[in-house]
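This report describes the fold of a single chain, beginning with the terms on which strand pairing rests. The sequence and the structure are shown below.

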Amino acid sequence: MLKKIIPILLALSCLSFAVDAAAILANQQKAAFPDTAEIRMRTTIAMQGLPAQTIESRSLSKGKEKNLTEIKSPLMNMKIIRNGNQLSVTDLKTGATLPSNMAGQADMLDVSQGMGKAGDYLAPVKEGNLWRLSPKDPAQATLLYSAEQKRVVKMRQEIQPGIQSETNIAYCGNTCQLPGTPASIEITTTANGQAAAKITLEILSVQKLAAIPDALFEIF
């Protein structure tokens with residue numbers, strides 16, 4: 001009798017700790033930064049055969065439609081303003097207007113973008129101490145979820161044959177001003193098994209703001 005009961009108890013124990021795709025994606029939404037906030041971060045870009053480049057940036061956002069980002073590095077010093085569908089990119093050294101396709105760094109902070117809906121994934125499967133959430137569409141990223149942190153801590157994706165991307169995400173603990181939001185994001189790209197590039201984003205500070213003047217986001 002005992003031999004029959006033990007497997008049943010083990011099965012029930014596994015079920016009690018199981019997670020589903022809907023719970024994973026719902027918890028991941030809680031990692032989002034406030035819509036109205038100031039974020040300071042450091043980005044380090046390392047490419048095979050080239051010296052690493054470090055970029056300091058400060059981003060102000062007001063809701064989902066307005067954003068101002070200032071970027072400083074040895075190679076660039078620019079200001080990017082998004083206001084609804086309008087976009088302005090300015091070289092702060094010369095005052096010249098730059099091509100708008102140079103913008104886009106701020107979107108890298110939204111680690112949940114593109115994850116889709118629960119129906120886009122197969123049932124989670126245990127992988128070590130994490131849960132693997134595999135997409136039904138192999139072109140999308142596989143998510144690795146920590147039930148302890150209640151966050152996706154790793155993403156894997158084949159960008160094209162022979163080229164893979166892996167994203168590792170560390171989150172702020174309870175001592176942070178905004179617990180559960182990203183503290184750092186590391187994106188590594190490999191080509192045919194060899195390291196090709198690594199982008200590391202360090203969140204230096206985040207401050208939730210009550211209000212920001214609209215004048216800061218005006219585009220002339």
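## Terms and basis

Two strands are taken as paired if DSSP finds at least two bridges between them. Helices (H or I, at least four residues) and strands (E, at least two) are DSSP runs, numbered from the N terminus.

The model is predicted: local features need pLDDT of at least 70, side-chain atom pairs count only at pLDDT 80 or more, and totals for chains, interfaces and linings use all residues. Residues are numbered from 1 along each chain as its sequence is written, and side-chain values use heavy atoms, with hydrogens and water left out.

## Overall architecture

The chain contains 2 helices and 12 strands, in the order α-α-β-β-β-β-β-β-β-β-β-β-β-β from the N terminus on. Of its 220 residues, 34% are buried (under 20% relative accessible area, exposed being over 50% and partly exposed in between; 1.4 Å probe, protein chains only). Among contacts (heavy atoms within 4.5 Å) between residues at least 6 apart in sequence, 41% join residues at least 24 apart.

## The sheet

An open sheet is formed by 12 strands with antiparallel pairing, in the order β5-β4-β3-β2-β1-β12-β11-β10-β9-β8-β7-β6. β5 (86-91) and β6 (125-127) are the edge strands; each has a single partner, so one side of each is left without a neighbour in the sheet. Direction ignored, neighbouring strands are turned by 20° against each other on average (axes are lines fitted to C-alpha atoms, for helices over the stretch in contact, and angles run from 0 to 180 degrees between N-to-C directions).

## Around β9

β8 and β9 pair in the antiparallel sense over 5 bridges. Here L143 stands opposite M155 in β9, and Y145 stands opposite V152. Their hairpin has 4 residues between the strands, and K150 takes a positive phi near 60°.

On the other pairing, 6 bridges join β9 to β10 in antiparallel fashion, with Q157 opposite S165 in β10. This hairpin has 2 residues between the strands, and G162 takes a positive phi near 90°. α2 lies across β7, β8, β9 and β10, at about 105° to β9.

Leaving out residues up to four places away in sequence, M115 touches L25, Q28, D120, Y121, L143, V152 and M155.
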